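Have the sequence and the model open as you read.

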Amino acid sequence: MSFKIDRGLFKYDFIDHHAILCVPVDADVKEIRKRYLQIARRLHPDSNLTESAAQKHLGNELLSKLVNPAYEKLTADRTRTEYIIILSQIGKRLEQESTSVTLNTDLARQLAQAPNLDHFYKSAIAKLAQTQYDSLEQVLQVIAQVSELNLVYLMRSAGKSSTAPPPHAQPNVNSDTPHPNTPPAPALAPAPPKEDSVIEHYVRRAQSLIGKNQFAQAKVELQDALKLEPKNSRCHSLIAMVYLKQNQLKMAKIHFDNALKLDPNDETALQWKPKIDKALGQQHSDHKVTSSPNNKDKQPDKSGSGGLFGGLFGGKKK
């Protein structure tokens, strides 16, 4: 049995684990565990002796395919950190695209206008959590409703962090004389440290794998990163180096070309692309010579150059 939800954050090909558990997006691990245990007791077949076999089966499916994966994702340190970073990025994206976001529920529309964002959001989440899994046939609709609240909350939170305070909190800029009741402007707080983007996590893992000569795994990490940010010059340059170390020169050239289009000053691409172009040119020349009717007996030089890969990385193999 598959469960399809196409509202809220799910509409962006994102599994909203907070909505599945009906906890706020800033819930800590302790709160998540407490909520999970409540849901697990409700859904576990042994806890529902009075329900029909069909209801027990549906409850078990919800538990195993939605609730358990959500709990694991939100409580394991590595996956939780990545997930929260992605949530933050989605919030910024939604804030930029806010005019095109469609809300389907009155509760989400109310949250979009609520003056006290945090209070309204957390109160709404807590109220929905009380009955979320009471009717198993309605669970997906409730999850979708919670996910819409999460969408609005992330969107408005990103907007608050990127815009100035509301006009009523500002001094009267049309007056030459400050209003006597206007408080002095507070000192600017130091900027918070910039959090690593999710791409940085992929890049660091890829670099670690490259250092261990685990090129296939490094390539997978970088391919996943490029799915998220196709125009990331650093990822193109790194994956080009992976292809280069695998002696796949044409693929390396493609990604070095992309890296230089995006960042003409990329040092790695500037260093290696001319060498690859030269090697590919030599390869083409050798092919023409050996395939010529007048050179049937002539073979390419195998005098210990180590091949194209060996030539690029230091000549003869020891």
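Leu107, Gln110 and Leu111 of helix 5 meet Leu117, Phe120, Tyr121, Ala124 and Leu128 of helix 6, where contact means heavy atoms within 4.5 Å. By class, that contact has seven nonpolar, one polar and no charged residues (Ala, Val, Leu, Ile, Met, Phe, Trp, Tyr, Cys and Pro count as nonpolar, Asp, Glu, Lys and Arg as charged, the others, Gly among them, as polar). Helices here are DSSP runs (H or I, at least four residues), numbered from the N terminus.

This is a predicted model, with pLDDT of at least 70 needed for local features and 80 or more for side-chain atom pairs, while totals for chains, interfaces and linings use all residues. Residues are numbered from 1 along each chain as its sequence is written, and side-chain values use heavy atoms, leaving out hydrogens and water.

How do helix 5 and helix 6 lie? Their axes, at residues 106–113 and 117–131, come within 9 Å and cross at roughly 160° (axes are lines fitted to C-alpha atoms over the stretch in contact, with angles from 0 to 180 degrees between N-to-C directions). That makes helix 5 roughly antiparallel to helix 6, a word for angles over 145 degrees.

Now go to helix 10 (residues 233–245) and helix 11 (residues 249–262), whose axes come within 8 Å and cross at roughly 160°. So helix 10 is roughly antiparallel to helix 11. Among the residues making the contact are His236 and Tyr243 of helix 10 and His255 and Phe256 of helix 11.

Finally, Gln214 sits in the loop between helix 8 (198–211) and helix 9 (215–228). The C-alpha atoms of Gln214 and Val242 are separated by 9.4 Å, though 28 residues apart along the chain.

Terms used
Helices (H or I, at least four residues) and strands (E, at least two) are DSSP runs, numbered from the N terminus. Angles under 35 degrees count as roughly parallel, over 145 as roughly antiparallel, 65 to 115 as roughly perpendicular and the rest as oblique.
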